[in-house]
Each structure stands twice: as structure tokens, then as C-alpha cells.
Amino acid sequence: MDEQGGVRRKASDVRIMMNFSVKNHDMPKLKIFVGTVYGGSLDVAEQVAPLFEQAGYEVAIFDQPTLNDLIESPTDLALFCTSSTGSGDFPGNLVAFVRDLQAKSPGLAGLRYGLIALGDSSYVDSYCGAGRHLDELLQEQGAQRLGERLEIDAMETFMADDEALPWVDEWIESQQLKVA
Ligand SMILES: Cc1cc2nc3c(=O)[nH]c(=O)nc-3n(C[C@H](O)[C@H](O)[C@H](O)COP(=O)(O)O)c2cc1C
């Protein structure tokens with residue numbers, strides 16, 4: 001105890017407290033919502049996550065996303081990363097999220113997001129159908145897409161990361177998303 005009855009702290013204690021506070025309270029949250037059948041979109045999410053961490057975000061990846069993951073805790077920035085299946089259909093792991101988004105219509109004004117759609121242009125009429133549809137649904141709820149959607153064509157790009165990594169780098173830069 002010091003003269004005023006307070007607890008005397010060593011400089012090292014203060015440093016530890018500050019680090020704790022920065023990591024858990026002050027860092028903005030970036031959430032990545034994944035729709036995938038074969039794992040390609042999840043791989044993209046995992047590869048780009050460190051770029052956001054370097055830019056100052058606390059990153060969470062949701063590979064079984066629910067609407068609550070988006071709306072029940074702060075989301076400073078979101079990235080949606082989904083492939084298409086069937087004829088432009090949502091991958092199974094994203095179906096509950098989309099169903100709830102349509103049924104509950106939560107209103108997403110204030111949400112800023114980016115979107116990466118994986119597809120295959122040999123599915124001519126339904127190329128990147130799920131990513132495009134999700135983009136529409138988010139905007140109907142008032143969410144704001146930052147920049148253009150990235151569409152990665154499996155006919156052109158063997159490893160989706162090769163396109164996703166530079167795109168995310170550029171997205172962070174051009175949208176001035178860096179916070180650290
Ligand atoms: C059965 C099947 C259906 C597909 N349907 C579409 C489609 O309608 N539109 C599209 O752009 N790509 C379609 N694709 C291609 C996948 O979306 C693409 O290969 C993607 O990279 C897979 O990513 P994932 O590993 O995250 O699921 C389909 C692939 C399969 C195997």
C-alpha cells in the first residue's frame with residue numbers, strides 16, 4: 001500500500017496490464033465467415049488472416065457460421081469467403097447463416113464487409129452464384145461492401161490463395177483499414 005492507501009504497482013505490472021488491455025478490449029474485431037464444400041474457401045480464410053492481424057485486428061474465423069456470430073458481439077469488419085455448389089447454391093455449412101439472414105432480417109446498417117467468391121466459370125450461368133447472392137442479401141440488410149467483390153475462377157487459378165493474398169493486401173491498403 002502507498003501513502004494514499006492505493007496499491008503500489010511496479011513498472012513491469014503496468015506493462016503487463018497494458019498488453020492485456022490492448023489485446024482484449026482495444027483491438028478491432030475482424031470476423032471471417034466461410035462457406036466451403038471442399039475446404040478451398042477455408043484455406044483462403046486461414047491464409048489471409050495473418051494479414052489482418054498484422055494490420056491490427058483480432059481475427060476470428062467461422063467455418064460453421066451462424067447469424068449470431070455476426071450480430072451478437074461487436075464486428076468492426078467482416079470478410080465473407082464462399083464457394084458455390086450445385087447451380088450457384090450455398091455450401092451446406094453456410095445454409096443456416098443465409099436462412100437466418102433472410103428469415104430474421106436483422107438489419108446490418110453499419111456493417112462494413114468484403115467478399116471473396118470462389119467459383120468455376122465453366123458453370124456459366126451460375127458462376128460465383130453463392131457469393132453474388134450473399135452480396136445482395138447483405139446489401140439488402142444495409143451492410144456496406146468496401147471495394148469490389150473478388151471472384152476467383154478455378155478455371156484460371158489453381159491455388160485460390162495466389163489471388164486472395166495480394167487482393168487482401170491491396171484491399172487493406174486501398175480501403176485504409178490498417179489500425180496498427
Ligand atoms: C458439384 C459442384 C458444383 C459446383 N457449382 C458451381 C457453381 O454453380 N458455380 C460456380 O461458380 N462454381 C461451382 N463449382 C465450383 C466450386 O465453387 C469451386 O471449385 C470452388 O473453388 C470450390 O471451393 P471450396 O473448396 O471452398 O468448396 C462447383 C463445384 C462442384 C464440385
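What follows is a working chat about a predicted model of a protein chain with a ligand.

Me: Before we get into details, how many helices and strands does the protein chain have?
Reply: The protein chain of this predicted model has six helices and six strands. Read from the N terminus, its elements come in the order α-β-α-β-α-β-α-β-α-β-β-α.

Me: And what is the average pLDDT of the chain?
Reply: The average over the protein chain is 90, and 86% of the residues score at least 70.

Me: What share of the residues counts as buried?
Reply: Of the 180 residues in the protein chain, 30% count as buried.

Me: Let's go to a single residue. Where does Ile32 sit, and is it buried or exposed?
Reply: Ile32 belongs to strand β1, and it is buried because 25 other C-beta atoms lie within 10 Å, where 20 or more are enough for that class.

Me: Which residues is it in contact with, if I ignore neighbours within four places in sequence?
Reply: With those set aside, the contacts of Ile32 are Ala45, Ala49, Val59, Ile61, Phe62, Leu79 and Cys81. There is also Ala78 to consider, which is 46 residues away from Ile32 in sequence, while the two C-alpha atoms are 5.8 Å apart in space.

Me: Changing topic to helix α5. How many residues does it have, and what does it span?
Reply: Helix α5 covers residues 129-140, which makes twelve residues, and the distance from its first C-alpha to its last is 16 Å, close to the 16 Å expected at 1.5 Å a residue. Its buried residues are Ala130, Gly131, Leu134 and Leu138. These cover an arc of only 95° around the axis, which means that they are on the same side of α5.

Me: Why would residues spaced like that point the same way?
Reply: Because an α-helix has 3.6 residues a turn, residues three or four places apart point the same way.

Me: What do the buried residues of α5 pack against?
Reply: They pack against five elements, namely β1 (29-35), β3 (77-82), α4 (92-104), β4 (112-119) and β6 (150-153).

Me: What about the backbone on either side of α5?
Reply: In the loop between β4 and α5 there is Cys128, which has a phi near 50°, a positive value in a residue other than glycine. Cys128 is buried, since it has 26 other C-beta atoms within 10 Å. Just after α5, Gly142 also takes a positive phi, of about 95°.

Me: And α6, which of its residues are buried?
Reply: In α6 (160-174) the buried residues are Ala160, Ala164, Val168, Trp171 and Ile172. Seen down the helix axis they fall within an arc of 90°, so they line one face of α6, and they pack against α2, β4 and β6. On the face turned away from that buried side, α6 carries the exposed residues Asp162, Pro166, Glu170, Glu173 and Ser174.

Me: What follows α6?
Reply: Gln176 follows α6, with a positive phi near 55° although it is not a glycine. Gln176 is exposed, because 8 other C-beta atoms lie within 10 Å, and 12 or fewer put a residue in that class.

Me: Now the ligand. Which residues come nearest?
Reply: Of the 22 residues around the ligand, Tyr38, Gly40, Ser41, Ser83 and Gly119 come nearest. By class, that shell has eight nonpolar, 13 polar and one charged residues, and α2 (40-54) and β4 each supply at least two residues to it.

Me: Last one, where is Leu67 found, and which contacts does it make?
Reply: Leu67 is in helix α3, residues 67-71, and with 18 other C-beta atoms within 10 Å it is partly exposed. Apart from neighbours within four places in sequence, Leu67 is in contact with Phe97, Asp100, Leu101, Lys104 and Pro106. The C-alpha atoms of Leu67 and Arg99 are separated by 9.0 Å, and the two residues are 32 apart along the chain.

Key
Residues numbered from 1 in each chain as written. Predicted model: local features only at pLDDT ≥ 70, side-chain atom pairs only at ≥ 80, totals over all residues. Helix = DSSP H or I, 4+ residues; strand = E, 2+ residues; numbered from the N terminus. Expected span 1.5 Å × (residues − 1). Arc of directions from axis to C-beta. Contact = placed C-beta atoms within 7 Å. Near = placed C-beta within 6 Å. Nonpolar A, V, L, I, M, F, W, Y, C, P; charged D, E, K, R; others polar. pLDDT = per-residue confidence, 0-100.
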